[in-house]
Amino acid sequence: MDNILHICVVAGARPNFMKVAPLVWAVRNNRLEHPVNLHLVYTGDENDLDLEPTLLADLALAKEEVCFLGVVSNRMNELTGRVMEAFDLYLEQHPAQIVVVVDDLASTLAAAIVTKKRGLTLAHLVAGTRSFDITMPKEINRLVIDGLSDLLFTAGDGGSSIVSRGGADPSKVFMVGNVLIDTLRQNLPRQQRPALMDEETLQEGHYIVLTLNRKALLADSDRLKPMLLALTRTAVNTPVIAVLRPDASETVRQLLPESHPGLTITKPLSYLEFIYLTSHARGIVTDSGNVAEEATFNNIPCITLNSYTEHLETVKQGSNVLVGEDADRLEQALKQMSDGQWKESHLPDRWDGRSADRIIRIIVEELTKH
């Protein structure tokens, strides 16, 4: 292999792109003495419906910069096996010294296993996240990926503590901050006001955004319907904009077959439109960790429809509160949100937009020290 340090970064789903794009930018702008080449791999298909047409452009990425493995499957174990086969072939044709995997998906696990079987250095971005619920497939993925990783990049002190208690060598654990915030900071000047705000006569600071993605919640109509009804009661006075993917939209329409004043269901927006909508909202209701992290950065009140979060700093320091799947607790939180009564929020440590620079610098230092 040439003298260039080849870094392979793997994304397994749309949300991963928001976390890997800053690594691409960091390499483009890198002023390190050692030459670096970054290979960006997406395990899915280039025509994946979850990737809106503007996503790569919104993130300042060219389609030509991404290698698409083309693996598509709704069966987790089948997906894992097919990604392992495709990624192994990719590495055979495109050698790398290190592979960086993100988060906790089945495709992330697959890439991690192939990396170690090939004897390569494995780095885990956003290591140390835990629900402590071993019945969750993603929790198993997290444990295995962290256990296999040579370099563990955590978003906060909590993640660093978790991987250290799990037996990781402290010298291989690096608290680099939240790389998702790099992307948000970079794109705030580029955010775009969605046309739907004019269509629905929405005023900045006077609406609530709803997102739903968690499959377990969408499948539990007994819990979800009372929470949706709580939102409809809020929507009478404060408009609620539900930004939903097709499966979630269909579920909500089935549970709320009648029209409800103030509640608008809309299709997914582009990334730059979505960050405008959420950063100018009165509040957000979500089951997404990424959305809650962005809300903390923007100091926007956020309600998470879950009993835990992998990023406790959004609750301990940030603007996020957990209500579980309890409609009564949700309604109480919505009233506080609508009335403008919310807890004080602070920006967590190292949410400064320089996480990717730290990561690339550490990778180069670790791989060139011997």
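This is a short walk through one predicted protein model, from its overall build down to a few residues.

Hi everyone, two housekeeping points first. Residues are numbered from 1 along each chain as its sequence is written, and side-chain values use heavy atoms, with hydrogens and water left out. Because the model is predicted, local features need pLDDT of at least 70 and side-chain atom pairs count only at pLDDT 80 or more, while totals for chains, interfaces and linings use all residues.

Let's start with the whole chain. The protein chain has 16 helices and 13 strands; these are DSSP runs numbered from the N terminus, with helices being H or I of at least four residues and strands being E of at least two. Its radius of gyration is 21 Å, close to the 21 Å from the globule rule for 370 residues, so the chain is as compact as a globular protein of that length. That radius is taken over C-alpha atoms, and the rule is 2.2 Å times the number of residues to the power 0.38. Along the principal axes, the C-alpha trace spans about 65 × 40 × 40 Å.

How much of the chain is buried? Buried residues make up 55% of the 370, where buried means under 20% relative accessible area, exposed means over 50%, and partly exposed is in between (1.4 Å probe, protein chains only).

Now to the salt bridges, meaning a side-chain nitrogen of Lys or Arg within 4 Å of a carboxyl oxygen of Asp or Glu. The structure holds 25 of them. One of these joins lysine 19 to aspartate 103, with the closest N and O atoms 3.0 Å apart. Lysine 19 sits in helix 1 (residues 14–28) and aspartate 103 in the loop between strand 4 (98–102) and helix 4 (106–117), so this pair ties together parts that are 84 residues apart in sequence. Lysine 19 is buried, at 4% relative accessible area, and aspartate 103 is buried too, at 14%.

Aspartate 104 is in the loop between strand 4 and helix 4 and arginine 142 is in helix 5, so parts 38 residues apart in sequence are tied together.

Together with Ile134, Ile140 and Leu143, Val144 makes a nonpolar surface patch of about 320 Å².

Let's move on to helix 10 (residues 221–235). Its 15 residues should span 21 Å at 1.5 Å a residue, and the end C-alpha atoms are 20 Å apart, which agrees. Among the buried residues here are Leu224, Met227 and Leu228. Proline 226 is in this helix as well, but at 32% relative accessibility it counts as partly exposed. Leaving aside residues up to four places away in sequence, proline 226 touches Ser221 and Ala327, contact meaning heavy atoms within 4.5 Å.

Last stop: is threonine 183 buried or exposed? Threonine 183, in helix 7 (residues 179–187), counts as buried because its relative accessibility is 0%. Beyond residues up to four places away in sequence, threonine 183 touches Met18, Pro22, Trp25, Leu59 and Tyr271.

Notes: Patches are made of residues with over 30% relative accessible area and no salt bridge: like charges are joined within 9 Å, nonpolar side chains (Val, Leu, Ile, Met, Phe, Trp, Tyr) within 5 Å. Accessible areas come from the Shrake-Rupley method with a 1.4 Å probe; for residues, only the protein chains shown count as cover. The expected span of a helix is 1.5 Å times one less than its number of residues.
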